[in-house]
Amino acid sequence: MDAITRIAEDKLAENDRFRLFLGERNSSQIDEWVSKLDQEITPKIDCTACGNCCKSLMIVVKDEEANLLSDHLQQKRENFDQQYLEKGSNGMMLINQIPCHFLADNKCTVYDYRFAGCREFPALHIPDFKNRLFTIFMHYDRCPIIFNVVEKLKLAMGFETDGSE
Ligand code: SF4
Ligand code: SF4
């Protein structure tokens, strides 16, 4: 268990309180804070030392993304689909393995052809943070960017943490 996972376990009750706290605050103001913190923190985190998203997310693949990547890999689309994809319960195509096939030494081996979900994650630039708290806290203990943004957001918004005096 790594340090963030341990801290996250200790902070379960505090984070439940923080979610309620955010629920009572103005959404666009929260988005402004999150956007600032995202810009401050993301450049300081080395994703190649982590790779947790590639080791834990279900990655959706669109048809045109599969076409581009199979071309790049010089594979027939049929073979590509067989090797790498499966149909999810909602009919969407998903990478059929977690961790992702294309992760090697914590790096994406198909970086220029990675999928929209990979490019977007951890999606802190997307508005309406307050209404995405379920997903945010699902990844809080495994994504150091999300963890640090949430912890700094608590301070920035004057939230009383369990360790506060
Ligand atoms: S395609 Fe690349 S960035 Fe996306 S999950 Fe796989 S290894 Fe990670
Ligand atoms: S989980 Fe977060 S910190 Fe880790 S590689 Fe993914 S985006 Fe970067």
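Biologist: How many helices and strands does the chain have?
Modeller: The chain has nine helices and four strands. Those are DSSP runs, numbered from the N terminus: helices are H or I with at least four residues, strands are E with at least two. This is a predicted model, where local features need pLDDT of at least 70 and side-chain atom pairs count only at pLDDT 80 or more, while totals for chains, interfaces and linings use all residues. Residues are numbered from 1 along each chain as its sequence is written, with chains lettered from A and ligands numbered from 1 in the order in which they are written.

Biologist: And in what order do the elements run from the N terminus?
Modeller: They go α-α-α-α-α-α-β-β-β-β-α-α-α.

Biologist: What domains does the assignment give?
Modeller: Domain 1 covers 3–50 + 122–156, and domain 2 covers 58–105. The bounds come from an automatic or database domain assignment. Taken over C-alpha atoms, the domain centres are 29 Å apart.

Biologist: What box do the C-alpha atoms fill?
Modeller: Roughly 60 × 30 × 30 Å, along the principal axes.

Biologist: New topic: which residues are around ligand 2?
Modeller: Among them are Cys 47, Cys 50, Cys 53 and Cys 143, along with Phe 121 and Arg 142. Being near here means a C-beta atom, placed from the backbone, within 6 Å of the molecule. Helices α4 (52–56) and α9 (144–156) are the elements that give two or more residues to that shell.

Biologist: How does the shell divide by residue type?
Modeller: Nine are nonpolar, two polar and one charged. Ala, Val, Leu, Ile, Met, Phe, Trp, Tyr, Cys and Pro count as nonpolar, Asp, Glu, Lys and Arg as charged, and the others, Gly among them, as polar.

Biologist: At what angle do α5 and α6 pack?
Modeller: Helix α5 (63–72) and helix α6 (77–84) meet at about 105°, with axes 9 Å apart. The axes are lines fitted to C-alpha atoms over the stretch in contact, and angles run from 0 to 180 degrees between N-to-C directions. So α5 and α6 are roughly perpendicular, a label for 65 to 115 degrees.

Note on methods. Parallel < 35°, antiparallel > 145°, perpendicular 65-115°, else oblique.
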